[in-house]
Amino acid sequence: MDVLRALTENRLWRSVVRHGVRGTNRNRVMLVMENIFLHLHSAKVRRRSLEISSTYYLGGISLTLFAILTITGLMLMLYYHPSVPQAYDDMKELQFVVSNGVFLRNMHRWAAHAMVLAVFFHMLRVFYHKAYRPPREFNWVVGVVLLLLTLLLSYTGYLLPWDQLAFWGVSVGTNMVKAMPVLGPAFRFLLLGGNIVGENALLRFYVLHCVFLPLALVLGVAVHLWRVRKDGGIAGSSGLRRADAGKIP
Amino acid sequence: MSQFRLEKNNDARAVPRRIALIRREAPARLLEGREEVRMAAPHLLVREVILIQICVVVLAVASLLFDAPLEGIADPSNTPNPAKAPWYFLGLQELLHYFPPIVAGVLLPALAIIGVVVIPYFRINVEAVGFYERPWRRSLAILGAVTAPVSVLLVAYRVWAVLVPTLLIFSLLALPAVPRCPGAWRRRLSRVPLSDWIMTWFVAVASILTLIGIFFRGPGWTWTWPWRDGIF
Amino acid sequence: MKEGEDRREGTVTRRGFCQAAGLSACALATGGAAAVSADFLRPRVLFEPATTFTVGPPDAIGPGAVLDFPAYRAFVIRLPDGFRALSSVCTHLGCITRRDPDVNLIACPCHGSRFTLDGDVQSGPAPGPLRWLQMALSEKGEIIVDTAAEVPQGTVFKF
């Protein structure tokens with residue numbers, strides 16, 4: 001305890017964290033309010049919304065997976081060149097040469113699959129709990145956009161290893177875009193930067209996957225979380241679950 | 001719209017009989033008592049840290065056990081057989097097997113997205129009234145009139161994978177209308193709102209199509225049994 | 001707009017004019033930026049594989065032969081009535097079809113479409129027949145196929 005006190009009761013610590021560490025309620029509130037990383041939380045939360053059955057923590061799981069994806073993705077970028085056929089050679093290098101390369105790639109891959117699942121289940125949870133009801137209509141729309149962004153992120157990342165799986169998965173997908181009336185062929189041409197899935201397409205998917213879509217997702221998540229706070233905290237099951245209906249009044 | 005303040009008091013001695021009237025479409029906000037909130041600082045943050053730890057540990061173990069797939073280098077002149085999209089698009093790919101691309105690749109996904117987006121704006125299910133908790137005979141007739149031609153269409157295209165869950169969900173929905181329906185079933189089913197029925201139908205169809213795409217499709221997109229031929 | 005301001009029907013106040021001018025400038029700049037960006041995103045030179053390839057002299061192809069050129073995504077077929085070149089790109093979603101010699105059909109591995117040697121859809125989800133391609137005889141007497149030039153279905157070439 002003396003070490004803790006010595007660490008926290010000096011000018012340097014106090015210049016960063018302005019409140020003490022003693023377990024007073026004031027300090028607990030300050031910890032949340034005075035910290036840029038925590039201030040999206042409210043100082044107090046409803047007991048009900050902490051229960052697993054009110055959210056199953058699916059939004060939190062999605063966000064955690066996105067953080068894991070960002071970190072592992074940034075590290076993988078250091079060994080990846082978005083060009084043909086270097087991209088595939090880099091996969092082999094990750095597999096056989098780079099220390100822990102396989103582990104990082106596995107982690108990125110499985111986290112991506114898990115995030116698609118988590119975001120989808122998050123949407124289902126919100127639907128069945130009817131947590132999209134006014135005033136949360138707009139946040140539901142933001143959530144749908146985030147689901148689409150998640151799918152796009154996963155899909156653009158799918159091409160990057162430049163193996164058979166990637167190439168044909170993306171060929172089939174972009175031909176689906178071509179089936180769209182009027183705008184389809186032109187949009188596919190812009191997306192691929194050409195008529196075939198080639199070098200330009202790889203570079204475009206790389207830029208979308210590593211810069212554009214993550215930025216869009218971060219922006220969307222910021223709006224999403226902000227609205228959750230502004231609309232009165234998470235709507236576990238908006239307090240009116242059937243099972244509760246007899247108990248509340 | 002009149003707002004009601006809903007106060008919660010579980011002290012049976014202070015308030016021996018408690019009653020509150022809430023209009024169903026009113027945004028129900030529970031003004032909870034003091035004992036119903038927790039400080040975020042230890043309670044929520046600890047849960048978040050545990051959540052992050054669980055996610056990292058589970059992913060790390062999965063990554064040590066299972067390797068991400070990597071096939072041969074991309075070859076534009078040689079389509080692998082079967083050529084499968086990522087698993088979350090296999091439901092769409094399975095649909096593409098039955099319908100032309102404009103329908104399965106563009107129309108149906110666009111309809112699904114639009115349908116999901118408009119849910120809160122059309123006041124869908126804001127009242128959360130069960131299908132049988134209001135006059136239901138006309139609604140059931142309309143639903144039947146929609147389901148019948150859709151089923152005929154599905155039979156014409158031989159889309160059994162969509163037909164079976166459609167009929168199953170519809171029969172569950174219609175079950176309480178049958179006089180001989182067991183009481184427990186009727187009580188449970190009649191409380192489910194129409195929007196939940198539709199979403200459940202959508203989820204059932206999407207998961208069945210996706211599972212078929214993942215496990216039951218082999219070379220040339222022919223039907224295979226995963227336990228006999230393996231997963232392609 | 002302030003109350004009591006002297007404003008008749010159809011007159012434009014100075015404030016209104018400035019607001020309209022400012023908003024128009026913003027709209028113009030946004031539209032221009034969007035147009036320039038869209039133009040930037042459209043590549044003007046493509047480094048993609050050539051669309052013509054040489055098959056060889058006509059005599060080298062025996063009657064009834066079905067030659068597969070996966071690198072150029074085309075079949076060259078000689079039937080009793082003459083030569084034909086079919087694109088091997090499935091009209092469904094662009095997978096490369098392969099010939100199934102057992103049933104003498106062309107089959108797509110992606111969604112299970114099957115085509116006859118005339119390119120007609122025999123079964124499966126493909127919305128249309130395989131494209132027929134332009135063939136020509138070079139000066140050296142070799143058959144050249146152009147995968148970018150489509151000819152009407154049933155155009156048989158005789159060399």
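1. Chain B runs in the order β-α-α-α-α-α-α-α-α along its sequence, with eight helices and one strand in total. Helices (H or I, at least four residues) and strands (E, at least two) are DSSP runs, numbered from the N terminus. The model is predicted: local features need pLDDT of at least 70 and side-chain atom pairs count only at pLDDT 80 or more, while totals for chains, interfaces and linings use all residues. Residues are numbered from 1 along each chain as its sequence is written, chains are lettered from A and ligands numbered from 1 in the order in which they are written, and side-chain values use heavy atoms, with hydrogens and water left out.

2. Of the 232 residues in chain B, 38% are buried; here buried means under 20% relative accessible area, exposed over 50%, and partly exposed in between (1.4 Å probe, protein chains only). The accessible surface of chain B is about 14,000 Å², and carbon and sulfur atoms hold 66% of that area. Accessible areas come from the Shrake-Rupley method with a 1.4 Å probe, and for residues only the protein chains shown count as cover. Among contacts in chain B with a separation of 6 or more, 60% are between residues 24 or more positions apart, a contact being heavy atoms within 4.5 Å.

3. The interface of chain B and chain A brings 80 residues of chain B into contact with 73 residues of chain A. It buries about 7,100 Å², with 72% on carbon and sulfur atoms; buried area is the accessible area (1.4 Å probe) that two parts lose on being put together, summed over both. There are 25 residue pairs in polar contact between the two chains (both at pLDDT 80 or more). A polar contact is a pair of N or O atoms within 3.5 Å; within protein, one must be able to donate a hydrogen and the other to accept it, and residues adjacent in sequence count only if both atoms are side-chain atoms.

4. One salt bridge is found across the interface of chain B and chain A, a salt bridge being a side-chain nitrogen of Lys or Arg within 4 Å of a carboxyl oxygen of Asp or Glu. D196(B) and K130(A) form a salt bridge through their side chains, at 3.2 Å from N to O. On the side of chain B that touches chain A, at least two residues each come from strand 1 (37-39), helix 1, helix 2, helix 3 (101-117) and helix 7 (194-215) of chain B. Helix 1 of chain B gives the most to that side, with 17 residues. From chain A, N27(A), M30(A) and V32(A) are buried in helix 3 (residues 25-33), and the buried residues of this helix of chain A pack against helix 1 (40-65) of chain B.

5. The contact of chain B and chain C takes 15 residues from each of these chains and buries about 1,100 Å², with 57% given by carbon and sulfur atoms. Between chain B and chain C there are zero salt bridges, and four residue pairs are in polar contact (both at pLDDT 80 or more). Helix 2 (residues 90-98) of chain B supplies the largest share of the side of chain B that touches chain C, namely three residues.

6. Q93(B) lies in helix 2 of chain B and is buried, at 2% relative accessibility. Its side chain reaches the backbone nitrogen of A85(B) at 2.9 Å. Beyond neighbours within four places in sequence, the contacts of Q93(B) include W221(B), C110(C) and H111(C).

7. Over all chains, the count is 12 salt bridges. D118(C) pairs with R84(C), with the closest N and O atoms 2.3 Å apart. D118(C) is in the loop between strand 7 (114-115) and strand 8 (121-123) of chain C, and R84(C) is in strand 4 (residues 82-87) of chain C, 34 residues apart. D118(C) is partly exposed at 34% relative accessibility, whereas R84(C) is buried, with a relative accessible area of 3%.
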